[in-house]
Amino acid sequence: MASWLILAREGGHVAVWFGGLLSGWWAHSYRMRSIARQEVYDAGQMALEMVKRSAEREASLTDLVRSYESELIELRRARWQTMDVLSTVQVHALAARLIVRELDARLGLPRRPFEPLPSFPTDTEIDGRDVPYPAMETSTSDDRGAG
């Protein structure tokens, strides 16, 4: 037993040094694992933030596209209504010319020269570069036939 006490007294410094070395290594290993976990957590948080920003950007772009789409629909509707009015005016102008020519013929007057009407539909619509003219679903087309 005395030999153990001598060995413990003499070799105690080595055991303490070796224990310190092991505890230091364990602390360093624990710290590195903790840092690695924190980096994984931070990367996950950054990914979630990027997904959140991407979703917000997509939502704002979707709203912008929808507003442009509704604006385009309204512009097309206004254009179709304008085309409808223009076709009505052109029909009435042609009818008025026929009536004037018929009256001139009855009275024996020479044929009146009229300025040519612009082509209808326009050249771009004839070439098919424009959207086709759809049937209007408003009550104005029903009212025209009554008058």
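Me: Working rule first: buried means under 20% relative accessible area, exposed means over 50%, and partly exposed is what lies in between. What is the relative accessible area of Glu49?

Reply: Glu49 comes out at 35%. That value lies between 20% and 50%, so Glu49 counts as partly exposed. Keep in mind that this is a predicted model.

Me: Noted. Which side chain does Glu49 meet in a salt bridge?

Reply: Arg53, with N to O at 3.3 Å. That pair is a salt bridge because the cut-off is 4 Å.

Me: How far apart are Glu49 and Arg53 in helix α1?

Reply: The two are four residues apart, which puts about one helical turn between them. Helix α1 itself covers residues 2-107.

Me: How many salt bridges does the structure hold?

Reply: Four salt bridges. Among them is one between Arg77 and Glu74, with N to O at 2.8 Å.

Me: Where do Arg77 and Glu74 lie?

Reply: Both are in helix α1, three residues apart, or about one turn of the helix.

Me: And what is the relative accessible area of Arg77? What does Glu74 count as?

Reply: Arg77 has 37% and is partly exposed. Glu74, at 46% relative accessibility, is also partly exposed.

Me: What does Arg112 form with Asp104?

Reply: Another salt bridge, with the closest N and O atoms 2.9 Å apart.

Me: Is Asp104 buried or exposed?

Reply: Asp104 is buried: its relative accessible area is 4%, and the limit for buried is under 20%.

Me: Change of topic. How many helices and strands are there in the chain?

Reply: Three helices and zero strands. Along the sequence the pattern reads α-α-α.

Me: What percentage of the residues count as buried?

Reply: 5%, in a chain of 147 residues.

Me: And what share of the contacts comes from residues 24 or more positions apart?

Reply: 61%, taken over contacts in the chain with a separation of 6 or more.

Me: What does the accessible surface of the chain come to?

Reply: About 12900 Å². Carbon and sulfur atoms account for 64% of that surface.

Me: Which residues form a nonpolar patch on the surface?

Reply: Trp17, Phe18, Leu21 and Leu22, with about 460 Å² of accessible area together.

Me: Last topic, rings. How many aromatic pairs does a search of the whole structure find?

Reply: One. The pair is Trp26 with Tyr30, at 5.6 Å centre to centre and 15° between the planes.

Me: Why does the pair count as stacked?

Reply: Because the planes are 15° apart, and under 30 degrees counts as stacked. The 5.6 Å between centres is also within the 6.5 Å limit for pairing.

Me: Which helix do Trp26 and Tyr30 lie in?

Reply: Helix α1, where Trp26 and Tyr30 are four residues apart, about one turn.

Me: What does Trp26 count as, buried or exposed? And what about Tyr30?

Reply: Trp26 counts as exposed, at 51% relative accessibility, since the limit is over 50%. Tyr30, at 43%, counts as partly exposed.

Notes: Residues are numbered from 1 along each chain as its sequence is written. This is a predicted model: local features need pLDDT of at least 70, side-chain atom pairs count only at pLDDT 80 or more; totals for chains, interfaces and linings use all residues. Side-chain values use heavy atoms; hydrogens and water are left out. Buried means under 20% relative accessible area, exposed over 50%, partly exposed in between (1.4 Å probe, protein chains only). Contact means heavy atoms within 4.5 Å. Accessible areas come from the Shrake-Rupley method with a 1.4 Å probe; for residues, only the protein chains shown count as cover. Patches are made of residues with over 30% relative accessible area and no salt bridge: like charges are joined within 9 Å, nonpolar side chains (Val, Leu, Ile, Met, Phe, Trp, Tyr) within 5 Å. Rings of Phe, Tyr and Trp (its six-membered ring) pair if their centres lie within 6.5 Å; planes under 30 degrees apart count as stacked, over 60 as edge-to-face and the rest as tilted.
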